[in-house]
Amino acid sequence: MLKIEHLGIAVKNLEQSNQLFEKLFGAAPYKLEKVESEGVSTSFFMMGESKIELLEATNSESPIAKFIEKKGEGIHHIAFEVKDIHAEMKRLESEGFILLNKEPKKGADNKMICFLHPKGTNGVLIELCQEIGTL
Ligand code: ZN
C-alpha cells in the first residue's frame, strides 16, 4: 500500500455537511459526485496531499444509511492507495482478509476500489483504491 488516500465520513445531510466542512477547512469541496451503484452522494475536500470524502446515503438500502442507523455519523472508512489493486486483493485474500467484492469496482473520484470486511480488520472498514488510468 502506498499511502492513506482519503478518509470517508458518513453524514446525514451532505449539503449541510459541505457547508460545515468548508468552514472547517477554509476551502470548498473540489468534487461532488453521485455513485448510484453504491447508493451514495459524495463530496471531496483536499488539503495538501490529504483528502476527506463525505458520504450521504441516496436510499435507505445504502451501506451509508445502514452505517448511520447503527453507529451514527462519523468516520466510515480509511482508503489506501495501492499500485496494483488486483495484486493487492489477491495478496490480502491469501493473508485471510475478507474482501467485500471479488473484482475491483468503480468508486467515486475516478477510482477502482475494493473494501475489506471490518470483521477482519479490528472493526475498521478499509478501502483499497487505484486511480483509473493507472490499472
Ligand atoms: Zn472512499
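**Stop 1: the zinc site**

Select H77 and E127: both are buried (under 20% relative accessible area with a 1.4 Å probe, protein chains only; exposed is over 50%, partly exposed in between). Before going on, note that this is a predicted model, where local features need pLDDT of at least 70, side-chain atom pairs count only at pLDDT 80 or more, and totals for chains, interfaces and linings use all residues. Residues are numbered from 1 along each chain as its sequence is written, and side-chain values use heavy atoms, with hydrogens and water left out.

The zinc ion is coordinated by H6 (NE2), E53 (OE), H77 (NE2) and E127 (OE), at 2.1 to 2.2 Å. Donors here are N, O and S atoms within 2.8 Å of the metal (3.2 Å for Na, K and Ca); water is not among the atoms, so the site may look incomplete. H77 sits in strand β5 (residues 74–81) and E127 in strand β8 (residues 126–131), so the pair ties together parts 50 residues apart in sequence. Strands are DSSP runs of E, at least two residues, and helices are runs of H or I, at least four, numbered from the N terminus.

**Stop 2: E38**

Jump to the loop between β2 (31–35) and β3 (40–47), where you'll find E38. Is E38 buried or exposed? At 19% relative accessibility, E38 counts as buried. Leaving aside neighbours within four places in sequence, E38 is in contact (heavy atoms within 4.5 Å) with S62, P63, K105 and F115.
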